[in-house]
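Here is a short note for someone opening this structure for the first time. Please keep the model in view while reading.

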Amino acid sequence: MHKNRNKPPALSRRHLIQSSLSAILMGRTLLGKQTRFRLGITDWNLYKTADPDAIRLASQLGFEGVQVSFGHDIQNGKMPLDDPAKIKQYLALSKQYKMPLDGTCVDRLHNNSLKSDKLALQWVSDSIRLTKDLHTRVLPLPFFGHGALKTQAEMDYVGDALRELAPQAERANVILGLEDTISAEDNVRIMDRSRSKNVLVYYDVGNSTIAGFDPVKEIRWLGKSRICQIHLKDNPHFLGEGSINFPAVLKAMRDIGFDGYANLETDARKDAVAEDLKRNLSYLRQLLANS
């Protein structure tokens, strides 16, 4: 009998070390791919609210995606982008410029707040449909100004409203993102009250910082599973020149494995849009390259 016929030859110590190093490097490479997030831009910071030309400009400036807003002005009971011809135009330009539509925004909620206005339910419902039509998934719901969440009763009301809207979002495979000035913990309470896996947090590092929260701590606490997208800004400052520690923010995002879109929502001078946005984008890319 030849008991050792199928036994592999002994590996040398050098071969074992080389194999181990290769495995470590491959693991790091795979981890990098898994945790790489993309940098997009909001159309309103391009001064292209509900304007398909935002796609061309975002591509020209070197962004990896563009967040599309549906517009404020209501005509014939519809938001400006609620038009099949415009939807078709967006999709055609997205394909032409190879520029993903990374999400949308129901900015009409700045007028009709979801925390108290029944009309807001219509705008969110219409926006879910439009988000699906645009072949994207993330729909942030803003709560600012007179629509900011301030009391537990208002948060409970929003949680109940989202429980009503969630089945439509789930059928459309659309994520409803809470974007506000309350704590990460309060956002999770609203998520829990909605009883839907399609209600997540749209985390804005600028808004949270102004509201007195630590974005690094909150991003780590929320984790990848509860954040659908992120807004990066430190207005009115250029990134890296205000109070927010962006190296720490980006590290937290990477550490939790965030691999979605981080959209710049940075202020830009109207007569220097390209210059200002490129400056912020270059800053972030340099941080990522050196980390």
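1. A word on the source. This is a predicted model. Please read each point below with that in mind.

2. Start with helices H4 and H5. H4 covers residues 119-133, and H5 covers residues 152-172. Their axes lie 10 Å apart, and the packing angle is about 15°. Angles under 35 degrees count as roughly parallel, so H4 and H5 are roughly parallel to each other. Their crossing is right-handed.

3. Which residues of H4 and H5 make the contact? H4 brings Leu 121, Val 124, Ser 125, Ile 128, Arg 129 and Lys 132. H5 answers with Ala 161, Glu 164, Leu 165, Gln 168, Ala 169 and Ala 172. By class, this contact holds seven nonpolar, two polar and three charged residues.

4. Move on to H8 and H9. H8 is made of residues 215-222, and H9 spans 246-255. The two pack at an angle of about 5°, with axes 9 Å apart. H8 and H9 are therefore roughly parallel to each other. On the H8 side, the contact uses Pro 215, Val 216, Ile 219 and Arg 220. On the H9 side, it uses Ala 248, Val 249, Lys 251, Ala 252, Met 253 and Asp 255. Seven of these contact residues are nonpolar and three are charged, with no polar ones.

5. H8 also packs with H6, which runs over residues 184-194. The angle between H6 and H8 is about 30°, and the axes are 10 Å apart. From H6 come Ala 184, Glu 185 and Val 188. They meet Glu 218, Trp 221 and Leu 222 of H8. The tally for this contact is four nonpolar, no polar and two charged residues.

6. The largest cavity holds about 50 Å³ of space. Its lining takes in Leu 178, Glu 179, Asp 180, Ile 182, Asn 187, Val 201, Tyr 202, Tyr 203, Asp 204 and Ser 208.

7. Which strands each supply at least two residues of that lining? They are S5 (175-179) and S6 (199-204). S6 gives the largest share, four residues. Sorted by class, the lining of the largest cavity has five nonpolar, two polar and three charged residues.

8. Check the peptide bond between Asn 235 and Pro 236. That bond is cis, with omega about 10°. Most peptide bonds are trans. Pro 236 sits in the loop between strand S7 (227-232) and helix H9.

9. Look also at Asn 76. Its phi is near 55°, a positive value in a residue other than glycine. Most residues other than glycine have a negative phi. Where is Asn 76 placed? Asn 76 belongs to the loop between strand S2 (66-69) and helix H3 (84-96).

Terms used
Residues are numbered from 1 along each chain as its sequence is written. This is a predicted model: local features need pLDDT of at least 70, side-chain atom pairs count only at pLDDT 80 or more; totals for chains, interfaces and linings use all residues. Side-chain values use heavy atoms; hydrogens and water are left out. On a 1 Å grid over the protein atoms alone, a cavity is a set of points where a 1.4 Å probe fits but cannot get out, and a pocket is an open set with protein on both sides within 12 Å along at least five of seven lines; lining residues have an atom within 4 Å of a point. Grid points are joined across faces, edges and corners, and a volume is the space filled by probe spheres set on the points. Ala, Val, Leu, Ile, Met, Phe, Trp, Tyr, Cys and Pro count as nonpolar, Asp, Glu, Lys and Arg as charged, and the others, Gly among them, as polar. Axes are lines fitted to C-alpha atoms, for helices over the stretch in contact, and angles run from 0 to 180 degrees between N-to-C directions. Angles under 35 degrees count as roughly parallel, over 145 as roughly antiparallel, 65 to 115 as roughly perpendicular and the rest as oblique. A crossing is left-handed if the near helix is turned anticlockwise from the far one by less than a right angle, and right-handed if clockwise. Contact means heavy atoms within 4.5 Å.
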